[in-house]
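Trainee: I would like to learn how to read the features of a model such as this one. Please take them one at a time, with the general idea before the case.

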Amino acid sequence: MPIPSRALPPPPAVALPTAAPVPLTATPVPLTGHPSGRRLALVFGAVLVILAAVNVADKYGPHHTGLVAGPVVALALVLISRRAGLTWHDLGLSRRTFLPGVKWAVGAVALVAVVYTIGAAIPATRIAFHDVRYHLHPGAALLTAFVVVPLGTVLLEEVAFRGVLLGLVNRHRGATWASITSSVLFGLWHILPSLRLAQVNAAVGATLGSGPLGSVLAVLAAVGFTALAGLLLCELRRRSGSLLAAAALHWATNGLGLLIATALATTSLT
């Protein structure tokens with residue numbers, strides 16, 4: 001004799017777990033729902049190949065190649081990383097951390113402005129701003145500082161190194177390895193741009209020499225310095241939770257430095 005349906009107990013309610021953002025911590029967190037090791041290796045390798053191609057094209061391609069490639073490649077890297085399972089929080093682009101990111105960004109720009117102003121006012125350190133690459137007309141300097149630098153340099157580098165690469169390695173190995181890996185790669189990224197550093201920067205040339213040995217030492221110094229700068233940017237990204245803070249410090253270092261160098265060059269010519 002069949003059992004009436006009303007005699008059957010109702011199924012127990014099952015609470016479905018809700019997804020939560022993964023914090024940037026020292027504890028490795030695997031990519032949920034994905035074979036993390038294989039997936040990480042494939043995506044990580046693809047990102048490196050893309051960045052290497054962009055670096056070579058920016059160095060040896062048409063003028064301002066990075067201005068066009070930067071936003072396009074940055075968007076592509078975000079899409080790739082999202083397909084790999086990274087969240088907006090992993091990339092430093094979460095809406096929850098936007099306001100803290102703005103506060104850290106304003107503080108970073110203000111700090112760099114103060115340091116650069118003091119450095120430019122002291123004769124002993126003013127030579128660091130004597131760079132022939134920045135002997136620009138004021139209009140060209142403003143265009144470079146507020147368009148070329150943020151779109152052609154800062155956007156791609158921050159998305160790639162403090163966003164995608166940092167997020168990928170953090171998910172697999174934790175924040176310490178993520179910061180180290182991202183920063184070492186950030187240093188190596190600056191090999192091609194620093195090949196003529198000893199010839200174009202008066203302070204570097206006076207310290208290391210402008211010959212072949214000086215050029216090699218300048219490249220090594222640039223790689224080491226930018227790797228250390230990468231660690232600072234990674235820490236700023238971790239503390240603020242936002243890519244905006246690291247991007248602001250990055251822009252201030254380049255953009256304000258360019259504006260001050262141009263101002264000093266213009267003043268010396270008048």
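Mentor: Begin with the elements: helices are DSSP runs of H or I with at least four residues, strands are runs of E with at least two, and both are numbered from the N terminus. Along the sequence, the protein then reads α-α-α-α-α-α-α-α-α-α. It has 10 helices and 0 strands. The model is predicted, so local features need pLDDT of at least 70 and side-chain atom pairs count only at pLDDT 80 or more, while totals for chains, interfaces and linings use all residues. Residues are numbered from 1 along each chain as its sequence is written, and side-chain values use heavy atoms, with hydrogens and water left out.

Trainee: How many of the residues of the protein count as buried?

Mentor: Buried means under 20% relative accessible area, exposed means over 50%, and partly exposed lies in between, with a 1.4 Å probe and protein chains only. Of the 270 residues, 42% count as buried. The area itself comes from the Shrake-Rupley method with a 1.4 Å probe, and for residues only the protein chains shown count as cover. The protein exposes about 14,900 Å², of which carbon and sulfur atoms supply 73%.

Trainee: What share of the contacts in the protein joins residues 24 or more positions apart?

Mentor: A contact means heavy atoms within 4.5 Å. Among contacts with a separation of 6 or more, residues 24 or more positions apart account for 80%.

Trainee: What span should H6 have, at 1.5 Å a residue?

Mentor: The expected span of a helix is 1.5 Å times one less than its number of residues. For the 15 residues of H6 that gives 21 Å, and the end C-alpha atoms are 21 Å apart, which agrees. Which residues of H6 are buried? They are Ala175, Ala178, Ser179, Ser182, Ser183, Leu185, Phe186, Gly187 and Trp189.

Trainee: Which residues does Leu231 contact, apart from its neighbours within four places in sequence?

Mentor: Leu231 is in contact with Ser179, Ile180 and Ser183, once those neighbours are set aside. Leu231 belongs to helix H9, residues 212–240. Its relative accessible area is 37%, so Leu231 is partly exposed.

Trainee: Where is His190 found, and what does its side chain reach?

Mentor: His190 is in the loop between helix H6 (175–189) and helix H7 (197–200). A polar contact is a pair of N or O atoms within 3.5 Å; within protein, one must be able to donate a hydrogen and the other to accept it, and residues adjacent in sequence count only if both atoms are side-chain atoms. A polar atom of the His190 side chain lies 2.8 Å from the backbone oxygen of Phe186. At a relative accessible area of 17%, His190 is buried. His190 also touches Glu157 and Thr226, leaving out residues up to four places away in sequence.

Trainee: Is Ser240 buried or exposed?

Mentor: Ser240 has 5% relative accessibility, so it counts as buried. Ser240 is in helix H9, and its side chain reaches the backbone oxygen of Ser242 at 3.2 Å. Not counting residues up to four places away in sequence, Ser240 touches Thr97, Pro100, Gly101, Trp104 and Ala245.

Trainee: How many aromatic pairs does a search of the whole structure find?

Mentor: A pair of aromatic rings is described by the distance of the centres and the angle of the planes. Rings of Phe, Tyr and Trp (its six-membered ring) pair if their centres lie within 6.5 Å; planes under 30 degrees apart count as stacked, over 60 as edge-to-face and the rest as tilted. The search finds 4 aromatic pairs. One of them, Phe146 with Trp251, is tilted, at 5.5 Å centre to centre and 35° between the planes. Phe146 is in helix H5 (residues 138–173) and Trp251 in helix H10 (residues 243–269), so this pair ties together parts 105 residues apart in sequence. Phe146 is partly exposed at 48% relative accessible area, whereas Trp251 is buried at 16%. The rings of Phe161 and Trp189 have centres 5.6 Å apart and planes at 70°, so that pair is edge-to-face. Phe161 in helix H5 and Trp189 in helix H6 are 28 residues apart. Ring pairs link Phe161, Phe186 and Trp189 into a cluster.
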